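Hello,

Here is the structure I promised to pass on.

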Amino acid sequence: MATPLDQIPASVAHRAALLRDLPPGELFIHEIYRSIQGESTFAGLPCVFVRTAVCDLRCSWCDTPHAFTQGERLSRPAVRDRVLSFDCPLVEITGGEPLLQTEVLPLMTELADAGRTVLLETSGAHDVSPVDRRVHIIMDLKCPESGESERNHWPNLEALKPSDEIKFVIASRRDWDWTASVIAGHQLDQRFTCLISASFGDVKAVDLANWLLDSAFNRVRLQLQLHKYIWDPAARGV
């Protein structure tokens, strides 16, 4: 049976090499911490973050490159128990790219079974259809300036639920024009919650706000990365 690692293009397969010998039942975890959810419709709420290590993409604006190679191996029960020990109702699985690790799927199910509201933040490059339907998926569609837009897995648009969210990180006017075309072409604002974020340091929030207001979109939501305004933008574990 093919795994997510088998679906990575050969030219970039080396980026996921650290996962190749990961034993069944284990995850490669960069960090687990409690902070304020900075994005999505859950923004502002206390949240436990499980950041998996390793990503097969290299977005130009990535703010967590330290997660590409740094982490520790933990059993799935150890990760679950550490998350539950925070006694926080909201949990996000992020990365890295969580869907590269098959144990993420049963982990999310176990957390949902334990009564947690589970969010999954994923790049959009991998199939989301196996994800437990109780999980709230927050999926990127990579814009051109990311350098990874060719990796968008477009069949995911048919696998998402109406309660899921699609995020666009905008690094230029070109990205905004592409985003507007994709949203309109697939009627995404009528099907899902669409979030637009300014790439921190590349686009001013006021410019993105004006582009949105000049458009015909009344159901697209502009968001700020709250954690980058509360803490130092380069701070980890927040």
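One term before the findings: a residue is called buried at under 20% relative accessible area, exposed at over 50%, and partly exposed in between, using a 1.4 Å probe and protein chains only. Please keep in mind that this is a predicted model, so local features need pLDDT of at least 70 and side-chain atom pairs count only at pLDDT 80 or more, while totals for chains, interfaces and linings use all residues. Residues are numbered from 1 along each chain as its sequence is written, and side-chain values use heavy atoms, with hydrogens and water left out.

By that definition Glu103 is buried, at 13% relative accessibility. Its side chain meets that of Arg76 in a salt bridge of 2.5 Å, N to O; the term stands for a side-chain nitrogen of Lys or Arg within 4 Å of a carboxyl oxygen of Asp or Glu. Arg76 sits in helix H1 (residues 76–85) and Glu103 in the loop between S4 and H2, so the pair ties together parts that are 27 residues apart in sequence. Helices (H or I, at least four residues) and strands (E, at least two) are DSSP runs, numbered from the N terminus. Arg76 also forms a salt bridge with Glu110, where the closest N and O atoms are 2.9 Å apart. Because Glu110 belongs to helix H2 and Arg76 to helix H1, this pair ties together parts that are 34 residues apart in sequence.

How many salt bridges does the rule give? The count comes to 19. Another of them joins the side chains of Arg173 and Asp177, at 3.0 Å from N to O. These two are four residues apart in helix H4 (residues 173–186), which means that about one helical turn separates Arg173 and Asp177. Arg173 is partly exposed at 41% relative accessibility, and Asp177 is partly exposed too, with a relative accessible area of 39%. Salt bridges that share partners also join Glu39, Glu121, Asp140, Lys142 and Lys167 into one network.

Now to the empty space. Rolling a probe the size of a water molecule over the atoms shows where such space is left. The search uses a 1 Å grid over the protein atoms alone: a cavity is a set of points where a 1.4 Å probe fits but cannot get out, a pocket is an open set with protein on both sides within 12 Å along at least five of seven lines, and lining residues have an atom within 4 Å of a point. Grid points are joined across faces, edges and corners, and a volume is the space filled by probe spheres set on the points.

The largest pocket has a volume of about 870 Å³. Its lining has 45 residues, and Glu39, Arg51, Asp63, Thr64 and Gln225 lie nearest its centre. Among the elements that give two or more residues to this lining are strand S2 (46–52), strand S5 (117–122) and helix H7 (226–230). Strand S1 gives the most, with three residues. By class, the lining of the largest pocket has 16 nonpolar, 14 polar and 15 charged residues; Ala, Val, Leu, Ile, Met, Phe, Trp, Tyr, Cys and Pro count as nonpolar, Asp, Glu, Lys and Arg as charged, and the others, Gly among them, as polar.

Gln225 is found in the loop between strand S9 (220–223) and H7, and is buried, with a relative accessible area of 13%. The side chain of Gln225 makes a polar contact with that of Glu39 at 3.5 Å. Such a contact is a pair of N or O atoms within 3.5 Å; within protein, one must be able to donate a hydrogen and the other to accept it, and residues adjacent in sequence count only if both atoms are side-chain atoms.

The second largest pocket has a volume of about 430 Å³. It is lined by 16 residues, and Ala2, Thr3, Pro4, Gln7 and Asp127 are the closest to its centre.

As for cavities, the whole structure holds one of 30 Å³ or more. Residues lining the largest cavity include Val128, Arg133, Ile137 and Lys161, and by class its lining has four nonpolar, one polar and four charged residues.

Best wishes
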